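We will go from stop to stop.

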Amino acid sequence: MTGRPRKHSLTLRGHRTSVSLEDAFWVELQRLADLEGKSVNELVADIDGARGVKSGLASAIRVHVLERLKAGS
């Protein structure tokens, strides 16, 4: 694992995009998606829909992962 962000490709609502995330956040995002019975794309679409316009998608993903880890998920 590296501490540097890496680009990861996603499809959100039929549109291709990418986010730059550190490996640790990407691994946890995948784990959380599995726990919820969703694909990573589905979970990120949920996060994207809830983030509003105040933050970027990568930041919203990091906050979501952090909040879930703090909650014990």
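In which helix is arginine 68 found? Select arginine 68: it is in helix H3. Helices (H or I, at least four residues) and strands (E, at least two) are DSSP runs, numbered from the N terminus. This is a predicted model; local features need pLDDT of at least 70, side-chain atom pairs count only at pLDDT 80 or more, and totals for chains, interfaces and linings use all residues. Residues are numbered from 1 along each chain as its sequence is written, and side-chain values use heavy atoms, with hydrogens and water left out.

Why does arginine 68 count as buried? Because its relative accessibility is 18%; buried means under 20% relative accessible area, exposed over 50%, partly exposed in between (1.4 Å probe, protein chains only).

Next, select isoleucine 61. It touches Val19, Leu21, Leu29, Val44 and Ile47, not counting residues up to four places away in sequence. Contact here means heavy atoms within 4.5 Å.

Now color H2, residues 40-51. Its end C-alpha atoms are 16 Å apart, which agrees with the 16 Å that its twelve residues should span at 1.5 Å a residue (1.5 Å times one less than the number of residues). Val40, Leu43, Val44, Ala45, Ile47 and Asp48 are buried in H2. Their cover includes S1, H1 and H3. Step on to glycine 52, which follows H2: its phi is positive, near 70°.

Last stop: the strands. S1 (residues 6-12) pairs with S2 (residues 15-21) in the antiparallel sense over seven bridges; pairing takes at least two bridges found by DSSP. Histidine 8 stands opposite valine 19 in S2.
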